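Hello,

Here is the structure I promised to pass on. Please have a look at it first, and then read my notes below.

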Amino acid sequence: MTPIVPPFPAARLRRLRRTAALRDLVQEHRLDVKNLIWPIFVTDVAGADVEVSSMPGVRRRTVEGAVRAAEEAARLGIPALCLFPYTDPATRTEGCEAAWSPENIANRAIRAIKAAVPGIAVMTDIALDPYNANGHDGLVRDGVILNDETVEALVRMAIVQAEAGADILGPSDMMDGRIGALRRALEAAGHRDVAILSYAAKYASAFYGPFRNAVGASGKLVGDKKTYQMNPGNADEALRCVARDLAEGADMVMVKPGMPYLDIARSVKEAFGAPTYAYQVSGEYAMLKAAVMNGWVKDEVILESLLAFRRAGCDGVLSYFAPEAARALAG
Ligand code: PBG
């Protein structure tokens with residue numbers, strides 16, 4: 001596209017900025033409540049259903065609280081929730097067996113939400129970290145994150161989540177080959193219509209800090225996640241990851257974190273045209289929230305930041321601001 005701009009004064013670009021009505025007419029991108037996925041934390045640990053200290057305004061919820069969140073989401077028009085479990089730290093093991101228990105907190109929350117608010121899409125997290133004694137997304141042997149053994153565990157986890165009624169599975173683990181393995185296993189088990197939103201381009205980021213606090217993984221994590229999550233210095237590699245995951249059967253793809261990685265979101269959307277999401281992660285939420293709470297910036301930054309994802313080409317955004325943003329959009 002070659003924009004044609006005649007010389008001044010024929011071109012006065014301010015003409016179309018003069019009134020709100022004119023600005024509305026020429027606005028290129030819009031944020032709608034239907035573009036939002038709301039991540040929530042669920043727990044069955046007594047006393048843990050409290051506000052997350054590093055994420056003011058975000059709390060862990062019981063199964064009952066998660067159902068209330070789903071009802072609120074439905075009222076606000078938010079189409080999907082994404083569930084993350086906080087498990088009893090004492091139950092976390094090296095083998096991560098609780099990850100594929102039909103009775104774990106995540107699966108109980110899925111069933112309760114789908115029973116109470118069937119119209120809400122429930123997205124899950126597929127990774128072992130909430131169940132892992134050492135805080136990693138994969139199984140660990142002698143300090144090494146095992147790829148293929150982890151994929152087998154993730155498949156077991158996914159089938160149980162699909163049986164619980166999940167609409168969208170969210171593999172956030174960054175193991176190689178997991179999308180194909182999940183897709184084959186879902187087909188074989190008759191879960192043909194369960195969608196996969198792959199965390200395809202997920203970077204090893206310090207912006208996940210508050211989340212690890214929310215799911216109780218920060219104290220547990222041994223080392224870092226750099227042998228499986230991407231190097232923030234890489235952009236071409238993100239396209240290879242996304243191409244690979246789409247070829248293996250991902251229905252939608254994600255870039256994560258969000259705001260510092262909008263260049264990646266833009267090139268993913270341009271390269272593949274697939275449903276593309278970004279995750280405005282916990283550290284991004286914490287930064288904006290802290291600045292708003294201190295009066296350093298106006299709360300308008302919330303909608304502005306979410307609109308930026310749309311402008312970058314994202315179909316939607318996972319954001320802890322989802323209910324706040326939905327209310328702001330409504331009025
Ligand atoms: C882990 C997982 C993480 C997030 C979602 N799933 C953290 C990590 O990779 O350490 C981060 C989300 C956020 O920061 O809001 N499987």
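A word on terms first: buried means under 20% relative accessible area, exposed over 50%, and partly exposed in between, with a 1.4 Å probe and protein chains only. Helices (H or I, at least four residues) and strands (E, at least two) are DSSP runs, numbered from the N terminus.

Please bear in mind that this is a predicted model, where local features need pLDDT of at least 70, side-chain atom pairs count only at pLDDT 80 or more, and totals for chains, interfaces and linings use all residues. Residues are numbered from 1 along each chain as its sequence is written, and side-chain values use heavy atoms, with hydrogens and water left out.

Let's start with strand 1. Of its 8 residues, 8 are buried. That covers both faces: Leu36, Trp38, Ile40 and Val42 on one side, and Ile37, Pro39, Phe41 and Thr43 on the other. In a regular strand the side chains alternate between the two faces of the sheet.

Strands count as paired if DSSP finds at least two bridges between them. Strand 1 runs parallel to strand 3 (residues 80-86) over 7 bridges, with Val42 opposite Pro85. It also pairs in the parallel sense with strand 2 (residues 60-61) over 2 bridges, where Phe41 has Arg60 as its bridge partner.

Now the rings. Rings of Phe, Tyr and Trp (its six-membered ring) pair if their centres lie within 6.5 Å; planes under 30 degrees apart count as stacked, over 60 as edge-to-face and the rest as tilted. There are 10 aromatic pairs in the structure. Phe41 and Tyr320 are stacked, because their ring centres are 5.8 Å apart and their planes at 15 degrees. Phe41 is in strand 1 and Tyr320 in the loop between strand 11 (316-319) and helix 11 (322-330), so this pair ties together parts 279 residues apart in sequence. Phe41 counts as buried at 0% relative accessibility, and Tyr320 does too, at 4%. Both belong to a cluster linked by ring pairs, along with Phe84, Tyr199, Phe211, Tyr279, Tyr285 and Phe321.

Finally, what sits over the ring of Tyr208? The charged end of Lys202 does, 5.4 Å from the ring centre, and so does that of Lys256, at 4.5 Å. The criterion is NZ of Lys or CZ of Arg within 6 Å of the ring centre and within 35 degrees of the ring normal.

Best wishes
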